[in-house]
Amino acid sequence: MHLTKEQEAKFKKLGISSVIELALQVPHSYEDYRIHEKLLPQKAQLIDATIESVYKAPNSIQITFFAHNLGHTVQGVLFRPKPYMLHQFQVGARDYYYGIIDCKQGHCSMSMPKKVSKAGAIVPKYKTALRSDVMQRLVQNCLTRENLLVEKLSEDVVAELLKLHFPNDEFLQGKEMSEKTLWALKYAELFSYMKMLAGKRRYFKALSSQAKEYAPWSRTLPFTLTDAQIKAIEDIRQDMHKDVAAKRMVVGDVGSGKTMVILAAAYMNMPNRSVLMAPTTILANQLFEEAHKYLPRAKIALVTNKTKKTDLSQYDFIIGTHALLYRELPQASLIMVDEQHRFGTAQRNMLEKLVAQQELKPHFIQFSATPIPRTQAMIESAHIDVSLITTTPFSKDIDSKVIHKNDFKSLLLHVKAEIAKNNQVLLVYPLVEQSEAFDYQSIDEARGYWEKNFGNVYVTHGKDKDKERVLLDFREYGDILIATTVVEVGISLPRLSTVVIVGAERLGLSTLHQLRGRVSRTGLKGYCYLYTNKSKSERLDEFIYTKSGFDIANLDLKFRKSGDLLKGISQSGSQFKWVDFAEDENIVKEVKKDLGI
Ligand code: ADP
Ligand code: MG
């Protein structure tokens, strides 16, 4: 549809770009400016009234109306009137006034009557960036049946959406939104979002359209790949055969074996070049070592800000940190990003551009250790292909347990016993510095105790500039690591058997799951202790029995509305107002089908 310049500016102010999004700006209430001849109990209504008298008291104004439509006197009261109100109420004037009328023993009153210029309509009230009447006019001009149908919404959905903005009597009678209307809102919200995502996807010709068989390589491995790994590798193999550059996200729990998928992709891409970016030096090193071990024939380069600049064009597989972005990179037909959520979109795109050749692009595969609910994966698939690795190669043996203050003694015994076995313990505290408003110790308060009673205690946190070195030292020499939740993702600590999370109820389940995922990386018997002051938390109780990150993501949805979490911790990161990931899988399916994606 065509918008005028003025309307365009208003759309911008609302932060929307289509009439569907306009339709999703649902009124928060309605004012019925029709003239009724009867009293509407407990509902605001309009009177067509002549003012008989006005009496000004110090803090209020009393107005006597004669309401012609009701044939009755109504006593109006304005408390703490604003100066402009005085002029709105003149003796002898006949106008429309709006408010709730309360009648007792034949005496009717209306508190805070509001003067209304036009009668006859039901007026929706909006709380948006625009003034309600400006918004109303915009809706009247733009939100038409035709304009919504042009967007390819169905007649049914359009009818429901229009009812919200142009309500009839029947609609107003309903106390709650009907199932049908709610369904239409969810549908429209998903439709609009997924259409936008699909529209954003650009297709480019690929630099390479071949993939070697991976079977000869997988036979050389000391273990068999899991079905989930094979499925992801197959997805990538099919991508690489296409002459359109791939865009794929591989999502799998910590420990689900994503590195093998990365290596398989690099193998299949040979003799063409691949580039892999990882968020930290430790992780880049680790990937480099694994690549060496499992791809003995490949020429592999490591690029971090500590490595010397060399001519990278002699290598098949270039592995590095974001330092890659500042090097001269040779052309590569496959780009991979590990732990992709630790990079910004700009960084990821920059890497792709560096190795592209004009309109020819590399295949682009990202890896994420943050399991997402299935519904969300389906939504994301509108602009990126998704492979889910939902199983792990070996099931970890981790005991999870909620503990309280009076369990501290036995916790100490456990920590001592683990250290005696040459295992390591991670203690996660909620804060670095002391805070009055907080009923848990901070790192600064707690570290003294541990340092006094134990040897080889290491401390680090998110803002610590030395954190990579501390982690490496801890890996070699440490017994206890004290940290905040921002300890490195992905780094392998083979001797870590126990994690204690202080103030666990404050954290999202996926964060707890990430932390738990650090222990028992190499099959060691693991322990995860959730320390809380709360006597009972259903959320933590369920967490203990839930092992898969994908189940955790769904569990997080279930508890999203519970008051268990402190405000400000993002839980599901949903950008939707109406759609509920936990319940609306069928609507997502329907929208996908209707959009043909
Ligand atoms: P992720 O990157 O998904 O967190 P990794 O790739 O680091 O997980 O794998 C975790 C561990 O599992 C590594 O020690 C790896 O060697 C091992 N591993 C991977 N795939 C298999 C498999 N199919 N069978 C047995 N062990 C595996
Ligand atoms: Mg990994």
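Let me start at one residue, Arg-80, which is exposed with a relative accessible area of 67%, where exposed stands for over 50%, buried for under 20% and partly exposed for what lies in between, with a 1.4 Å probe and the protein chains only. Arg-80 sits in the loop between β4 (72–79) and α3 (83–86), and its phi is positive, at about 40°, although it is not a glycine. The helices (H or I, at least four residues) and strands (E, at least two) that I name are DSSP runs, numbered from the N terminus.

Before I go on, a word on the model and its numbering. This is a predicted model, in which local features need pLDDT of at least 70 and side-chain atom pairs count only at pLDDT 80 or more, while totals for chains, interfaces and linings use all residues. Residues are numbered from 1 along each chain as its sequence is written, chains are lettered from A and ligands numbered from 1 in the order in which they are written, and side-chain values use heavy atoms, with hydrogens and water left out.

Back to the backbone. Most residues other than glycine have a negative phi, and most peptide bonds are trans. Gln-358, in the loop between α13 and β15 (360–361), has a positive phi near 45°, and Gln-358 is exposed, at 72% relative accessible area. Where does the chain have a cis peptide bond? It joins Met-270 and Pro-271, with omega at about 10°, and Pro-271 belongs to the loop between α11 and β11 (274–277).

Now to the empty space. Rolling a probe the size of a water molecule over the atoms shows where empty space is left. The work is done on a 1 Å grid over the protein atoms alone: a cavity is a set of points where a 1.4 Å probe fits but cannot get out, a pocket is an open set with protein on both sides within 12 Å along at least five of seven lines, and lining residues have an atom within 4 Å of a point. Grid points are joined across faces, edges and corners, and a volume is the space filled by probe spheres set on the points.

The second largest pocket holds about 930 Å³ of space. Of the 33 residues that line this pocket, Thr-259, Gln-286, Glu-290, Ser-492 and Arg-521 are the closest to its centre. Which helix gives the most to that lining? It is α12, with nine residues, and α11 (258–269), α12 (281–294) and α17 (467–477) each supply at least two. By type, the lining has 11 nonpolar, 13 polar and nine charged residues, counting Ala, Val, Leu, Ile, Met, Phe, Trp, Tyr, Cys and Pro as nonpolar, Asp, Glu, Lys and Arg as charged, and the others, Gly among them, as polar.

There are also two cavities of 30 Å³ or more, and the largest cavity has a volume of about 60 Å³. Its lining, which includes Arg-201, Arg-202, Phe-204 and Lys-361, divides into four nonpolar residues, no polar ones and five charged.

Let me turn to charges. A search of the whole structure finds 32 salt bridges, each a side-chain nitrogen of Lys or Arg within 4 Å of a carboxyl oxygen of Asp or Glu. One of them joins Lys-525 and Asp-399, at 3.1 Å from N to O. This pair links distant parts of the chain, 126 residues apart, with Lys-525 in the loop between α18 (509–516) and β23 (526–531) and Asp-399 in strand β18 (residues 398–403). Lys-525 is partly exposed at 31%, and Asp-399 is partly exposed at 36%.

Lys-536 forms a salt bridge with Asp-541, with the closest N and O atoms 2.4 Å apart; Lys-536 is exposed, at 59%, whereas Asp-541 is partly exposed, at 26%. In Asp-466 and Arg-469 the closest N and O atoms of the salt bridge are 3.4 Å apart. Finally, Lys-231, Asp-235, Asp-239 and Arg-248 are linked in a network of salt bridges.

I close with one more contact along the fold. Asp-439, in the loop between β19 (424–428) and α16 (443–453), is exposed, with a relative accessible area of 58%. The C-alpha atoms of Asp-439 and Gly-503 are separated by 8.7 Å, although these residues are 64 residues apart along the chain.
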